[in-house]
Amino acid sequence: MVSGAKTQLPTYRITIKLKVTPTKKTKRVAIIGSGPGGIVAAKYAAEAGLTPVVFDRKDTPGGLWTEGTAIWDGMHTNVSRYSVMFSDFPWPDSANVVPSARDVYDYLIRYIRHFDLEKYFKLNTFVESVKYLPNKKWQVTWTNNLTKERITEIFDFCICATGVHCKSIIPKIDNAENFKGVIVHSAKYKSNDERLKNKKVVVVGNSYSGVEISSHLVGHAKSVINVFNRPYLVFPRLLKVESKNKNEKNMYHIIPIDMLFGRELTFTNGTKEEERQAKINLYSKLCPHQTNKKLAHPAMYYELNNDEPIREAVTDNYYPYVRQGKIIPRQTKIKRYEKDGVIYEDGTYEKVDAVIYCTGYRLCLDYFEESVLRTLKYDPNNEKSPLTLYKFTVHPDLENLALIGKYNGLFYAGFELQAKWAIKIFTGEKQLPKKEVMYSDMRKDELNFLKMKNNQYQHGVYNELIDTLAVESDSLPDFAQVAKQDTKLFEMLWKNGTIPSHFCFNTNKEFSIRMMKEVDDIINKKYYLDEREAYDTPTSRLASKFSKNFRIPLHLFKD
């Protein structure tokens with residue numbers, strides 16, 4: 001071999017025969033909205049082998065829990081973290097029992113990352129139209145908010161998860177255009193708004209946002225007048241419940257409100273009259289300053305001896321502020337505006353600087369084509385029952401469509417159970433009943449809605465709603481079997497508050513029991529109250545005692 005010469009290597013031709021099997025195309029589901037309902041729907045869709053595509057106009061998922069929505073600085077949930085969670089994903093042990101809005105947002109982001117869902121989100125997208133095609137697929141057209149590119153794609157399934165907090169309801173009042181002050185909906189309320197500082201503010205509405213915002217304004221506004229048609233029972237976040245052991249004098253439990261209202265209160269075995277009386281006895285103890293006419297502010301007295309379901313709201317300082325004169329409740333309506341005030345229904349005039357409407361929202365389904373809205377019997381002017389669905393989720397004539405979170409009162413457990421059931425329907429794991437069966441059920445609901453049109457929750461109470469959905473999604477524990485095997489475990493399922501982790505009992509029993517034990521520990525912790533505290537415990541003192549065992553945002557609880 002000559003030095004420096006290149007070595008010629010022999011070459012070979014090899015033929016390899018490969019058998020290529022075409023990959024089965026994954027079916028896709030369009031999910032509109034990236035709040036809790038959309039997020040959990042994406043998780044169940046991906047686990048079932050579908051490809052979810054989650055659309056949201058904002059640049060981050062989280063729905064109402066993101067900045068720039070109806071959430072204001074410092075806002076906290078009115079229930080415990082054990083209700084504001086999904087069944088199989090816990091809060092950190094260090095988390096507050098009552099989380100802030102920012103805490104909830106962070107929880108949702110952790111959930112997305114834990115289940116590797118980021119790749120399924122199309123953020124900064126505005127969904128323009130959703131059409132139902134003759135081949136029973138969905139044509140979705142959206143615009144990229146950043147590039148302005150307009151795109152249309154076809155999907156096998158569709159989930160609407162845009163929630164109910166869409167279009168703010170502001171009543172039309174005579175002469176409002178000539179009012180020189182501020183008129184705003186609660187969706188636009190922000191902490192420390194300079195327009196409200198040292199001003200006389202009217203807050204319209206006595207439900208959740210009405211009592212919370214009224215309380216929040218104390219100390220910032222000059223005065224707060226809360227105007228409403230009829231009062232709600234205003235519960236604090238923490239409830240004082242006397243120990244059942246009669247030998248333990250002045251011993252009490254301090255319980256977050258959502259942990260008290262378990263299945264035992266909803267599914268009792270007595271007659272209607274007995275059930276009603278049991279609830280009257282309970283609410284009389286929990287809200288003595290509203291249910292006792294001698295103690296109640298005249299505008300806030302709540303008559304329990306009637307057949308209406310209880311109207312309830314939750315905030316901590318509202319009624320103490322009413323008793324101190326820091327919030328003035330008025331059972332009336334604004335009939336007309338003047339340039340510097342309002343005239344009430346009884347003809348009295350009041351000079352005011354601002355009016356905040358806590359008057360709810362209308363459902364927004366504008367992106368659906370008209371034929372779909374007709375099928376759903378969508379009524380945009382009916383904020384409580386805007387459409388008719390089978391078990392709050394699906395429609396007989398649109399079996400590859402699901403609507404999640406379209407009714408008030410479902411919360412995280414309801415969103416998750418709806419999503420789980422919908423995905424099982426889409427994949428064929430669950431079959432819907434015959435159409436005539438579903439239509440018969442829906443007609444009964446429509447008649448019931450008419451009877452309950454003035455009720456806070458027209459579709460029933462929380463436990464009834466979510467247990468119905470749990471049955472459909474195969475997630476309801478076998479209570480009779482549990483009662484036979486473990487009495488204590490049954491009591492935690494039946495008597496304690498109904499939390500989302502009840503619904504992973506069949507699939508992740510160890511985790512489910514762990515969450516139930518954490519709740520049971522909170523419920524059964526005992527606190528001594530002296531004679532004066534036992535009669536009338538200030539909210540701040542209850543919170544202070546509770547905080548010695550469990551982390552809680554003490555700054556929320558004032559008197």
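Residues 1–23 have a pLDDT under 50, and the model has 1 contact beyond four places in sequence for them; pLDDT is the predictor's confidence in each residue, from 0 to 100, and contact means heavy atoms within 4.5 Å. The protein chain averages a pLDDT of 90, with 93% of the residues scoring at least 70. This is a predicted model, in which local features need pLDDT of at least 70 and side-chain atom pairs count only at pLDDT 80 or more, while totals for chains, interfaces and linings use all residues. Residues are numbered from 1 along each chain as its sequence is written, and side-chain values use heavy atoms, with hydrogens and water left out.

**Helix 14**

- Helix 14 spans residues 487–494; helices (H or I, at least four residues) and strands (E, at least two) are DSSP runs, numbered from the N terminus.
- Leu489, Met492, Leu493 and Trp494 are the buried residues of helix 14, where buried means under 20% relative accessible area, exposed over 50% and partly exposed in between (1.4 Å probe, protein chains only).
- An α-helix has 3.6 residues a turn, so residues three or four places apart point the same way.
- The packing partners of these buried residues are helix 5 (263–266), helix 13 (479–485) and helix 15 (509–524).
- The N-terminal end of helix 14 is capped by Asp486, which has a side-chain oxygen 3.2 Å from the backbone nitrogen of Lys488.

**Aromatic pairs and cluster**

- There are 25 aromatic pairs in the structure; rings of Phe, Tyr and Trp (its six-membered ring) pair if their centres lie within 6.5 Å, and planes under 30 degrees apart count as stacked, over 60 as edge-to-face and the rest as tilted.
- One of them is the tilted pair of Tyr132 and Trp138, at 4.6 Å centre to centre with 40° between the planes.
- Tyr132 is partly exposed at a relative accessible area of 22%, whereas Trp138 is buried at 0%.
- Phe411 and Tyr462 form a tilted pair, 5.6 Å centre to centre and 55° between the planes.
- Phe411 belongs to helix 10 (residues 411–427) and Tyr462 to helix 12 (residues 462–472), so this pair ties together parts that are 51 residues apart in sequence.
- Phe411 has a relative accessible area of 44% and is partly exposed.
- One aromatic cluster is formed by Phe86, Phe89, Trp91, Tyr107, Tyr111, Phe115, Tyr412 and Phe415.

**Charges over rings**

- Lys43 has its charged end over the ring of Phe115, 4.9 Å from the centre; a charge sits over a ring if NZ of Lys or CZ of Arg is within 6 Å of the ring centre and within 35 degrees of the ring normal.
- Phe155 has Arg28 over its face, at 4.2 Å from the ring centre.

**Lysines in loops**

- Lys136 is in the loop between strand 4 (125–132) and strand 5 (138–144), and has a positive phi of about 65° although it is not a glycine.
- Lys136 is exposed, at 57% relative accessibility.
- Lys391, also not a glycine, has a positive phi of about 50° and lies in the loop between helix 9 (370–375) and strand 22 (401–403).
- The relative accessible area of Lys391 is 16%, so Lys391 counts as buried.
- Lys222 lies in the loop between helix 3 (208–217) and strand 11 (223–228) and is exposed at 69% relative accessibility.
- Leaving out residues up to four places away in sequence, Lys222 touches Asn198, Lys199 and Lys200.
- From Lys222 to Phe235 the separation is 13 residues in sequence and 25 Å in space, C-alpha to C-alpha.

Terms used:
A polar contact is a pair of N or O atoms within 3.5 Å; within protein, one must be able to donate a hydrogen and the other to accept it, and residues adjacent in sequence count only if both atoms are side-chain atoms.
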